[in-house]
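Hi everyone, thanks for making time.

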Amino acid sequence: AESGKLLWSGRFDAAQGDEIKLQDDIVRGIITEIEPELTRAEIGLIRRLRPENLDAWAHYRLGVGAIAMSGWTEEAMQQARSQFRLAFEADPSFALARAYFALMTALGVNINLVPRTSADIEEATNQAERAIADDDGSSEVLGLAGCALADVGKRERGMEVLEHAVKI
């Protein structure tokens with residue numbers, strides 16, 4: 001609607017009193033037209049999120065699962081951050097792993113699971129910015145990186161990134 005571009009149109013005829021059949025025909029027509037586009041979009045999203053390097057993907061999945069499996073502990077946070085680091089070291093363009101690393105570092109600092117050192121805050125900031133630079137078209141990357149930036153005190157930049165994520 002925003003662009004005014006016509007994506008699909010169709011014409012349906014129905015006898016009076018046959019509204020339910022007409023609704024079914026319209027829904028079937030729309031689904032027939034948009035389903036292939038949705039499938040292509042899903043495949044593109046999966047390709048975008050999962051890197052070609054399966055080792056990087058495995059490390060990323062282990063990082064995501066570390067907190068879920070062990071809870072919010074220093075050991076789990078260390079394990080998560082370590083796995084995310086291994087993921088983006090295995091695939092330097094893996095923005096999602098960098099963004100998660102940045103957020104886990106920022107959260108860890110704020111809840112005392114990661115030491116509050118200038119080096120840790122700087123690394124969280126740098127990894128968030130690198131994730132944004134590598135994939136500024138992913139709302140998930142931008143959301144994680146924006147939260148990380150806000151959590152380490154870069155609130156204006158974090159809000160800017162989060163607003164962009166919401167627009168996407």
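Before we start, one term: when I say salt bridge, I mean a side-chain nitrogen of Lys or Arg within 4 Å of a carboxyl oxygen of Asp or Glu. And keep in mind that this is a predicted model.

By that rule we get 6 salt bridges. Take Arg98 and Asp134: their side chains meet in one, at 3.9 Å from N to O. That pair links distant parts of the chain, with Arg98 in helix H4 and Asp134 in helix H5, 36 residues apart. Is Arg98 buried or exposed? At 6% relative accessibility, Arg98 is buried, while Asp134, at 33%, is partly exposed.

Next up is Arg157, which forms a salt bridge with Glu129, and here the closest N and O atoms are 2.8 Å apart.

Okay, on to the aromatics. The structure holds 7 aromatic pairs. In one of them, the ring centres of Tyr60 and Phe94 are 5.3 Å apart and the planes are at 55 degrees, so we call that pair tilted. Tyr60 is in helix H2 and Phe94 is in the loop between helix H3 and helix H4, so the pair ties together parts 34 residues apart in sequence. Tyr60 is buried, at 4% relative accessible area, and Phe94 is buried too, at 3%.

Then look at Phe88 and Phe101: centres 5.6 Å apart, planes at 85 degrees, so that one is edge-to-face. Phe88 belongs to helix H3 and Phe101 to helix H4, and both are buried.

That brings us to H3 itself. Which of its residues are buried? Among them are Ala76, Met77, Ala80, Phe84 and Phe88. Looking down the axis, the buried residues of H3 fall within an arc of 160 degrees, so they line one face of the helix. They pack against H2, H4 and helix H5. Over on the other side of H3, Glu75, Gln78 and Glu89 are exposed.

That's my tour, happy to take questions.

Note on methods:
Residues are numbered from 1 along each chain as its sequence is written. This is a predicted model: local features need pLDDT of at least 70, side-chain atom pairs count only at pLDDT 80 or more; totals for chains, interfaces and linings use all residues. Side-chain values use heavy atoms; hydrogens and water are left out. Rings of Phe, Tyr and Trp (its six-membered ring) pair if their centres lie within 6.5 Å; planes under 30 degrees apart count as stacked, over 60 as edge-to-face and the rest as tilted. Helices (H or I, at least four residues) and strands (E, at least two) are DSSP runs, numbered from the N terminus. Buried means under 20% relative accessible area, exposed over 50%, partly exposed in between (1.4 Å probe, protein chains only). The arc is that of the directions from the helix axis to the C-beta atoms. Contact means heavy atoms within 4.5 Å.
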